[in-house]
Amino acid sequence: MAIHPRMTSMEFDLIDGSTCVLREAVASDLDSIVALLVDDPLGAVRESADDMDRYRAALEHISSDPRNLQVVAVHGDAVVATLQLTLIPGLARGGALRAQIEAVRVDGRWRSRGLGGVLIRWAIDEAARQGCALVQLTSDVSRTDAHRFYTRLGFVDSHVGYKMQLEPTA
């Protein structure tokens, strides 16, 4: 099951009258995407634009995987938001397909304009279109504003998440 045929662009208006385009990320977006990841209180300590080769390889991997999609919202030539959507096949829930939303970032200058809501609603709609029975995401416990945002969009704080930092061996 593929998450695409590769995404087609979608134009949308924000509550302030700005127009943006939602589309699949391409290699030329990478510097802007990494800048969004770095320009974040948590990302500032775990992301670095010093080694773009890692990010380039990751974007190539995402782009070549039919179950993954890196999306950007663009205003003019500027990337103003991004997220990754991943389809996960599984046996649980009767063999249900689920969608995972990851690395949601909106440029600070573009917050409170409705952009995050458009981005997340698109991901929810795409997950449903792909036949997913569930869409899920995680959010760091320190992101209380994000938690209120996700609750407003209909997400339920129903699980406790755990993560373990690993040092790759390969």
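This is a predicted model: local features need pLDDT of at least 70, side-chain atom pairs count only at pLDDT 80 or more; totals for chains, interfaces and linings use all residues.
I will start with strand 5, residues 97-106. Strand 5 pairs with strand 6, which covers residues 134-137. The two run parallel, and four bridges join them.

Now follow the chain out of strand 5. Between strand 5 and helix 5, which spans residues 115-129, there is a loop, and Asp107 is found in that loop. Is Asp107 buried or exposed? Its relative accessibility is 9%, so Asp107 counts as buried. Leaving aside residues up to four places away in sequence, Asp107 touches Leu36 and Val80.

Next, salt bridges. How many does the structure hold? There are nine. I will take three of them in turn.

One is in helix 3, residues 52-64. Here the side chains of Asp53 and Arg56 meet, with an N to O distance of 2.6 Å. Asp53 and Arg56 are three residues apart in the helix, so about one helical turn separates them. Asp53 has 53% relative accessibility and therefore counts as exposed. Arg56, with a relative accessible area of 37%, is partly exposed.

Glu126 forms a salt bridge with Arg129, and their closest N and O atoms are 2.9 Å apart. Again the spacing is three residues, about one turn of the helix. Which of the two partners is buried, and which is exposed? Glu126 is at 8% relative accessibility, so it counts as buried. Arg129 is at 55%, so it counts as exposed.

Arg148 is partly exposed at 47% relative accessibility, and Asp145 is exposed, with a relative accessible area of 55%. There is also a network: salt bridges that share partners join Asp40, Arg105 and Arg143.

On to the cysteines. A disulfide is a covalent bond between the sulfur atoms of two cysteines. How many disulfides are counted here? The count comes to zero. Two cysteines to find in the model are Cys20 and Cys132. Cys20 counts as buried, at 0% relative accessibility. Cys132 also counts as buried, at 15%.

Where is Gln84 placed? It lies in strand 4, residues 78-89. With a relative accessibility of 18%, Gln84 counts as buried, because the cut-off for buried is under 20%. Its side chain makes a polar contact of 2.8 Å with the side chain of Asn68. Not counting residues up to four places away in sequence, Gln84 touches Ile62, Asn68, Leu69, Gln70, Gln100, Ile101 and Glu102.

Note on methods. Residues are numbered from 1 along each chain as its sequence is written. Side-chain values use heavy atoms; hydrogens and water are left out. Buried means under 20% relative accessible area, exposed over 50%, partly exposed in between (1.4 Å probe, protein chains only). Contact means heavy atoms within 4.5 Å. Two strands pair if DSSP finds at least two bridges between them. A salt bridge is a side-chain nitrogen of Lys or Arg within 4 Å of a carboxyl oxygen of Asp or Glu. A disulfide is a pair of cysteine sulfur atoms within 2.5 Å. A polar contact is a pair of N or O atoms within 3.5 Å; within protein, one must be able to donate a hydrogen and the other to accept it, and residues adjacent in sequence count only if both atoms are side-chain atoms.
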